[in-house]
Amino acid sequence: MLFIELALIRWLGSEVLYLSFFSNFVLLASFLGIGLGFLRASSPNDLTRWAPVAVAFLVLLVLASPIQVQRPEGGVLFPGAFVTEGLPAWAVLPFIFVAVLVVNMLVAERVGRLFPEFSPLDAYRLDIIGAIAGITAFSLLSFTWAPPFAWGAVVVGGFLLLDVRGLRPVAAVAMVGMLVGLGHESLQPTLSWSPYYKVQLDPGHFEDGNLDDQLSVNGIPHQDIESVTGLQIHDPFHYHAAVYDHLTTTPQRVLIIGAGNGNDVAVALAHNVGHVDAVEIDPRIQQLGSQLHPDKPYSDPRVTVHIDDGRAFLERTDETFDLIVLALPDSLTLVSGQSSLRLESYLFTLEAMQAAHDHLNAGGTFVEYNFYHDHWLVDRLAVMLQQTYGHAPCIDEQPANAALAVLTVSVKPETLRCTATWSATGDLPSTITDDYPFLYLHDRTLPPLYLALIAGVLFAALVSVRLTGIRLKQLRPYLDLAFMGAAFLLLETRSVVTFALLFGTTWFVNALVFGGILVAVLAAIELSRAVNVKRPMYLYIPLLLALGVAWLVPPSALLTLAIPARFAAATALAFTPIFIANVVFAQRFRSVASSPTAFGANLIGAMVGGLAEYASLFIGYRSLLVIVALFYVAALISGRGAVAA
């Protein structure tokens with residue numbers, strides 16, 4: 001069940017462009033579907049054998065209707081400027097939501113029908129052990145850059161193990177069709193799969209004697225692989241003004257964050273720098289650059305490659321640099337389906353600017369450039385540089401394309417040749433921080449697009465409950481478990497973003513956090529199997545205290561610690577409330593009259609918690625802990641009668 005959820009989040013995000021704008025759309029549909037599946041477990045109408053058909057139908061229809069981005073003239077892309085090929089968002093997103101809901105509902109119904117065969121805690125224990133196996137399997141496939149065919153093969157293998165004797169012919173045909181479709185996609189010679197993206201190589205063409213390969217990720221044009229000679233001809237602004245025209249001396253030690261396929265590394269080498277540390281988060285994109293870049297910058301002995309998150313590299317290294325370049329670090333994707341973080345979110349906060357400043361030598365220079373749809377984004381970044389360095393940065397904008405802006409600033413202003421200095425163009429947007437790392441939101445508010453999403457999900461939840469014949473009064477005895485589900489989902493989200501800040505927004509850190517959460521849940525179950533706490537208040541009080549401590553100690557305060565101490569402190573702060581919260585849940589769950597209904601109520605609550613995560617867009621991540629505490633207080637109050645009974 002968890003493997004299918006993770007695979008759908010990962011795969012659909014690579015196939016359907018619109019999911020880039022909704023951080024947990026598939027997650028919300030999954031939780032709602034799983035909750036409905038458990039609530040349907042007592043129904044005499046068993047639909048579980050249709051699960052393979054539903055999965056195959058979803059996969060094949062998405063494969064038949066890809067949503068991609070047209071490459072505009074000039075190749076400039078930025079949020080809100082996409083011209084898509086395929087069906088419109090209003091047609092695609094409702095279908096995706098309903099299809100994901102149905103798939104997860106059918107799979108979860110099968111699990112829910114097994115729950116009554118065990119005591120509630122034993123059923124929950126087996127469920128978590130299975131979840132650990134699911135996330136381990138998916139993480140191993142990510143580690144090996146496995147294509148979707150491998151994910152589909154695991155799903156088909158699971159269905160065969162569960163139903164090989166009673167498998168309906170239509171289900172067998174559907175699964176074969178799904179594997180054929182995924183196999184056809186996976187074997188495309190121009191496609192490959194990193195832990196983050198579906199990477200497509202558009203074989204290069206010669207222009208003015210130069211080869212220009214193009215990379216797209218998740219259907220979006222992303223990078224061009226071009227020689228330094230080609231850049232001088234086709235993009236002289238990139239070659240000159242982006243970095244090096246402002247420098248009075250040649251930098252000996254250069255750090256490039258967002259090194260990608262190697263263009264910026266090749267430009268640095270062409271300007272005779274001494275050494276380049278090239279940081280790139282995506283191993284496949286770096287590998288393609290190493291293989292295909294005509295100048296072979298990654299083979300130069302002056303270059304050291306680091307496959308890592310840029311902010312995490314800055315926090316770990318003790319090296320200092322003459323020049324630090326943030327080179328178009330726009331991931332166009334999210335860390336996971338559970339939060340609003342993008343891979344580059346923690347590179348653009350005030351604390352990140354200060355971290356870069358601390359790694360510059362005397363007279364060192366910091367540069368960041370990108371394509372900006374709105375000029376207030378340039379103002380926001382320039383203000384943070386001014387706050388960090390004490391003076392306004394240089395600014396360069398490409399005459400032919402005002403969307404491209406370059407900000408350059410030095411520890412010592414006199415070391416730069418500055419042709420134009422930034423000045424505000426209007427009301428300045430607020431500074432973004434590690435607690436509020438949302439670069440592309442002008443104000444602390446919930447955008448109308450997300451309000452519409454929340455309203456749509458709530459409407460879909462009410463309609464789906466009615467259509468599946470579930471009565472809401474079934475959930476009333478387990479209202480406290482629903483509040484616990486909402487609280488725990490937010491607690492998970494807070495843990496994900498905390499570890500992303502402290503150790504990097506990489507898929508590996510993400511997988512470790514989710515795996516650690518499941519292990520903590522299993523430990524709480526084992527404790528509850530051995531110990532029966534009869535007064536819930538004895539657990540709620542330490543839980544609320546642990547939440548209070550986690551709120552009082554902001555994650556950024558741990559960045560000054562050495563890595564072992566940082567890991568120990570982060571684990572204690574994040575996992576102590578998670579462990580206690582699951583002891584609370586397990587103690588309550590052990591005495592429920594209907595374990596499938598109780599678990600379903602908990603998962604419906606988790607969906608509500610997923611919606612509440614959008615509150616971070618105006619209150620930040622730290623304050624999510626206040627909402628978590630309020631949900632647990634609500635669980636304590638609403639569960640008093642149920643516990644007493």
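This note sets out numbered points on the fold, cores and selected residues of a predicted model.

1. Basis of the note. Residues are numbered from 1 along each chain as its sequence is written, and side-chain values use heavy atoms, with hydrogens and water left out. Since the model is predicted, local features need pLDDT of at least 70 and side-chain atom pairs count only at pLDDT 80 or more, while totals for chains, interfaces and linings use all residues.

2. Secondary structure. The protein chain contains 23 helices and 13 strands. Both are DSSP runs numbered from the N terminus: helices are H or I with at least four residues, and strands are E with at least two.

3. Overall dimensions. The C-alpha trace spans about 80 × 55 × 45 Å along its principal axes. The protein chain has a radius of gyration of 26 Å, which agrees with the value near 26 Å for a compact globule, because it has 645 residues. That radius is taken over C-alpha atoms, and the globule rule is 2.2 Å times the number of residues to the power 0.38.

4. Burial and surface. Of the 645 residues, 58% count as buried. Buried means under 20% relative accessible area, exposed over 50%, and partly exposed in between, with a 1.4 Å probe and protein chains only. The accessible surface comes to about 25,300 Å², and 63% of it belongs to carbon and sulfur atoms. Accessible areas come from the Shrake-Rupley method with a 1.4 Å probe; for residues, only the protein chains shown count as cover.

5. Contacts along the chain. Among contacts with a separation of 6 or more, 78% are accounted for by residues 24 or more positions apart. Contact here means heavy atoms within 4.5 Å.

6. Charges. The protein chain carries 34 positive and 50 negative charges, whose mean positions are 19 Å apart. Lys and Arg count as positive and Asp and Glu as negative, whereas His and the chain ends are not counted. The place of a charge is NZ of Lys, CZ of Arg, CG of Asp or CD of Glu.

7. Nonpolar cores. A nonpolar core is a set of buried Ala, Val, Leu, Ile, Met, Phe, Trp, Tyr and Cys residues joined through side-chain atoms within 4.5 Å. The largest has 174 residues, and those with the most contacts inside it are L12, I96, W151, F366, L491 and Y632. Helix α16 (residues 479-503) provides the largest share of this core, 15 residues. Apart from it lies another core of 25 residues, including V243, V265, A268 and Y298.

8. Residue L12. Leaving aside neighbours within four places in sequence, L12 is in contact with A7, L19, V26, V62, I96 and V100.

9. Residue P577. This proline is placed in helix α19 (residues 563-589) and is buried, with a relative accessible area of 2%. Beyond its neighbours within four places in sequence, P577 touches L491, L543, A546, L547 and A572.

10. Residue D213. Strand β5 holds D213, which counts as buried at 6% relative accessibility. Its C-alpha atom is separated by 32 Å from that of L93, 120 residues apart along the chain.

11. Positive phi values. Most residues other than glycine have a negative phi. N218 has a positive phi near 50°; it is found in the loop between β5 (210-217) and β6 (220-226) and is buried at 5% relative accessible area. L328 also has a positive phi near 50°. L328 is in the loop between β10 (321-327) and α13 (350-358) and is partly exposed, at 32%.
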